[in-house]
Amino acid sequence: MAVTQRHRNTTVTLDGEVAGPERESLTQAASTGLLWHGGHVAAKGVLRFLTTVVLARILLPEDFGILGMALLVNEIVSLLGGLSLGVALIQRNTLDESYLDTAFWANIGVGLGLSVGFLLMAPLGGWFFHTTRVVPLILFMAPVFFVTSVGGVHKALLIRRLNFQRFAVIGMA
């Protein structure tokens, strides 16, 4: 089944083909997408910086350090979670429903596995950092991997369709 999506005057199929002489419009769509994605990355960076400044001001130095430890563990596991099927969905020439379903459920499985692994490894994080105060924060962050895995296929499809505006708006929510 070939699913199509219209982007202004350009029809892009999930197969990645551009219909007709609208190739110049595809260039314009890619340029606009680049601006939206760049703005999204910049806005996330500014929000992350401001959040860090506010937390540094309101938390005691020891508590801020504990938060930093938990976030370090989170980033390491996020790198593993980033090895998803999204890139395969973006680059694949043809997509059908069975492939999308398989990718969706595989992402769910990876997210669930990372969440369970994060729960099981929380005491190891406490041992590594020589404090048990980090363990509850790690446990609290564990479900994030499962929740974000639910949108992995949808995120990849937005990128594939060059719909960076919607991707940016959703990413900032």
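Biologist: Quick one to start: is tryptophan 105 buried or exposed?

Modeller: Exposed. Its relative accessibility is 57%, and the cut-off for exposed is over 50%, so tryptophan 105 counts as exposed. Keep in mind that this is a predicted model.

Biologist: Okay, and which helix is tryptophan 105 in?

Modeller: Tryptophan 105 sits in helix α4.

Biologist: Let me step back a bit. How many helices and strands does the protein have?

Modeller: Eight helices and two strands. Going along the sequence, the pattern reads β-β-α-α-α-α-α-α-α-α.

Biologist: And what share of the residues is buried?

Modeller: Of the 173 residues in the protein, 29% count as buried. As for contacts, take those with a separation of 6 or more: 65% of them come from residues 24 or more positions apart.

Biologist: Back to α4. What span should it have, and how far apart are its end C-alpha atoms?

Modeller: Helix α4 covers residues 97-129, which is 33 residues. At 1.5 Å a residue it should span 48 Å, and the end C-alpha atoms are 45 Å apart, so the two values agree.

Biologist: Where is the kink in α4?

Modeller: At methionine 121, shortly before proline 123. The kink is about 45°.

Biologist: Which residues of α4 are buried?

Modeller: Quite a list: Leu100, Ala103, Asn107, Ile108, Gly111, Leu114, Ser115, Phe118, Ala122, Gly125, Gly126 and Phe129.

Biologist: How does α4 pack with α6?

Modeller: Two packed helices are described by the angle between their axes and the distance between the axes. For α4 and α6 (residues 143-150), the angle is about 170° and the axes are 7 Å apart. An angle over 145 counts as roughly antiparallel, so that is what α4 is to α6.

Biologist: Which residues make that contact?

Modeller: On the α4 side, Phe104, Asn107, Ile108, Gly111, Leu112, Leu114, Ser115 and Phe118. On the α6 side, Pro143, Phe145, Phe146, Ser149 and Val150. The residues of this contact divide into nine nonpolar, four polar and no charged.

Biologist: What comes after α4?

Modeller: Histidine 130 follows α4. It lies in the loop between α4 and α5 (135-141). Histidine 130 has a positive phi of about 60° although it is not a glycine.

Biologist: Is histidine 130 buried or exposed?

Modeller: Exposed: the relative accessible area of histidine 130 is 74%.

Biologist: Which residue with a positive phi follows α7?

Modeller: Leucine 162, with phi near 60°. Leucine 162 lies in the loop between α7 and α8, and it is partly exposed, with a relative accessible area of 23%.

Biologist: So how do α7 and α8 pack?

Modeller: Helix α7 (residues 152-160) and helix α8 (residues 164-172) meet at an angle of about 145°, and their axes are 8 Å apart. Lys155, Leu158 and Ile159 of α7 make the contact with Phe164, Arg166, Phe167 and Ile170 of α8. The residues of that contact divide into five nonpolar, no polar and two charged.

Biologist: Which residues of α7 are buried, though?

Modeller: Gly152, Val153, Ala156, Leu157, Leu158 and Arg160. What covers the buried residues of α7 includes α3 (86-91), α4, α6 and α8.

Biologist: New topic: histidine 40. Where does it lie, and is it buried or exposed?

Modeller: Histidine 40 lies in helix α1 (residues 23-58). It has a relative accessible area of 7%, and under 20% means buried, so histidine 40 is buried.

Biologist: What is histidine 40 in contact with?

Modeller: If you leave aside its neighbours within four places in sequence, histidine 40 is in contact with Phe167, Ala168, Gly171 and Met172.

Biologist: Take glycine 171 from that set. How many residues separate it from histidine 40 in sequence?

Modeller: Glycine 171 and histidine 40 are 131 residues apart in sequence, but their C-alpha atoms are 7.6 Å apart in space. Glycine 171 is found in helix α8, and at 38% relative accessibility it counts as partly exposed.

Terms used:
Residues numbered from 1 in each chain as written. Predicted model: local features only at pLDDT ≥ 70, side-chain atom pairs only at ≥ 80, totals over all residues. Heavy atoms only, no water. Helix = DSSP H or I, 4+ residues; strand = E, 2+ residues; numbered from the N terminus. Expected span 1.5 Å × (residues − 1). Bend = angle between axes of the 7 residues up to and from the residue. Buried < 20%, exposed > 50% of the residue type's maximum accessible area, 1.4 Å probe, protein only. Axes fitted to C-alpha atoms, helices over the stretch in contact; angles between N-to-C directions. Parallel < 35°, antiparallel > 145°, perpendicular 65-115°, else oblique. Contact = heavy atoms within 4.5 Å. Nonpolar A, V, L, I, M, F, W, Y, C, P; charged D, E, K, R; others polar.
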